[in-house]
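Visitor: Please walk me through this model, one question at a time.

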Amino acid sequence: MVRSIKNPKKAKKKDKGLKGGDGSSASSVPSMPAKVWQPGVDKLEEGEELQCDPSAYNSLHAFSVGWPCLSFDVVRDSLGLVRTEFPHTAYFVAGTQAEKPSWNSIGIFKITNISGKRRELVPSKSAEDNSDMDSDSSDSDEDSDDELGGSGVPVLQLRKVSHEGCINRIRSMPQTPHICASWADTSHVQIWDFGSHLNALSESETEVSQGGSSVFNQAPLLKFGGHKDEGYAIDWSPLVPGRLVSGDCKSCIHLWEPASGSTWNVDSTPFRGHSASVEDLQWSPTEPNVFASGSVDGNIAIWDVKQKSPVVSFKAHNADVNVITWNRLASCMLASGSDDGSFSIRDLRMLKEGDSVVAHFEYHKHPVTSIEWSPHEASTLAVSSADNQLTIWDLSLEKDEEEEAEFRSKTKEHVNAPENLPPQLLFIHQGQKDLKELHWHPQVPGMIVSTALDGFNILMPSNIQSTLPSDGS
């Protein structure tokens, strides 16, 4: 159960603008040939530095909003359900982990001019001719608008709402995105209406003059103090607008039902079935009354809102279940990440047969901090870990020696790739310190946003070729 951010003061930024890159050094090209570095296997010798390979990304940017954020969420917008052309625009909400409780705030922000370009999986010409990425370095302006899909660095527009205490988790309602729920370390769950802030951001084409420095004092729509301890688990129902569940460190889960207007009725009688902290909650994507919970007791429980005890509970990991994610495109699949670094995928249709695990990976050696299925590819999920890695996995992949040989012949080079990596491991992203949470953008296929001690990254790996689901969802 690794959640708090250590020494947040050290991560405070004066510059609230964006910059490109992933924090790696921009030193001169090394004299020795570059090779693939294996996290957890290879060690950096004195004088050696890790270099980001720009050709691995369609887009890569980094930014900070001040204090580090333990949690954030992508806010759905009206700019298009499926957007594939650069430059992109995105909206987010995030909660800070400030040094003093009164210094915290919820940030509502808009990022425009997220530039990048699509890259071929097999380069048609040498990487040296076609490898520039937009960044904060001086050579980022050398690419033309046609090549990059936008020029210059992205623009951050930020508005802040004051919040007492650190924000453990924040979520935007899928059906009404300007309504957000926040979990505070003060043991309060609050519902907010950020509509006026999002409207102000959407109407502004340039940086909001007052939003970055001033903090708005705003009362929440509802402040619930019925939890006996702080918590991290919270989730909006994708099927019933306004329905919410929240779980705390005392193993209690409360159900929120929307009432008339902007009010909620919170059931004072909690769901009980875990013997330790409830770490994460996920609603079923197909059954409106069903949700799942993961706990420090190592168990995952499936619940029906009509009864206060689990419908089924099973041992999922030998350590804490930190995070869970329910596949929206294949609703029988539930993935979970553990404190021991492992993560598993289960087919819920096989629960009655005993062994429902269809895949189990022990690649990460530190706690898994976030896990999420892709909203556009049913077999793909992303995982972040305290080992400072964000990994992307495609469960449909298998090792193919002939394809590898063909790739080497087309690129006319031998790729020094590690031999012991799982074939399902599609991508490894590094450069952030103390990764906490990631989300796929639901409207921009292939875009992932992650938060860490040193700020946010927006990344679009070049080897993720997203296609629309057959049902168009």
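Guide: A salt bridge here is a side-chain nitrogen of Lys or Arg within 4 Å of a carboxyl oxygen of Asp or Glu. The model is predicted.

Visitor: How far apart are N and O in the salt bridge of R243 and E257?
Guide: R243 sits in the loop between strand 12 and strand 13, and E257 in strand 14. R243 counts as buried at 10% relative accessibility, while E257 is partly exposed at 24%. Their side chains meet in a salt bridge, N to O, at 2.9 Å.

Visitor: Is D347 buried or exposed?
Guide: D347 forms a salt bridge with R349. R349 is exposed, with a relative accessible area of 61%. Buried means under 20%. D347 has a relative accessible area of 5%, so it is buried.

Visitor: How many residues apart in sequence are the parts that E437 and R169 tie together?
Guide: The closest N and O atoms of E437 and R169 are 3.6 Å apart. Both residues are buried. E437 lies in strand 29 and R169 in strand 7, so the pair ties together parts separated in sequence by 268 residues.

Visitor: What arc do the buried residues of helix 2 cover around the axis?
Guide: The buried residues are G195, H197, L198 and L201. They lie on the same side of helix 2, because their arc is only 165 degrees.

Note on methods
Residues are numbered from 1 along each chain as its sequence is written. This is a predicted model: local features need pLDDT of at least 70, side-chain atom pairs count only at pLDDT 80 or more; totals for chains, interfaces and linings use all residues. Side-chain values use heavy atoms; hydrogens and water are left out. Buried means under 20% relative accessible area, exposed over 50%, partly exposed in between (1.4 Å probe, protein chains only). Helices (H or I, at least four residues) and strands (E, at least two) are DSSP runs, numbered from the N terminus. The arc is that of the directions from the helix axis to the C-beta atoms.
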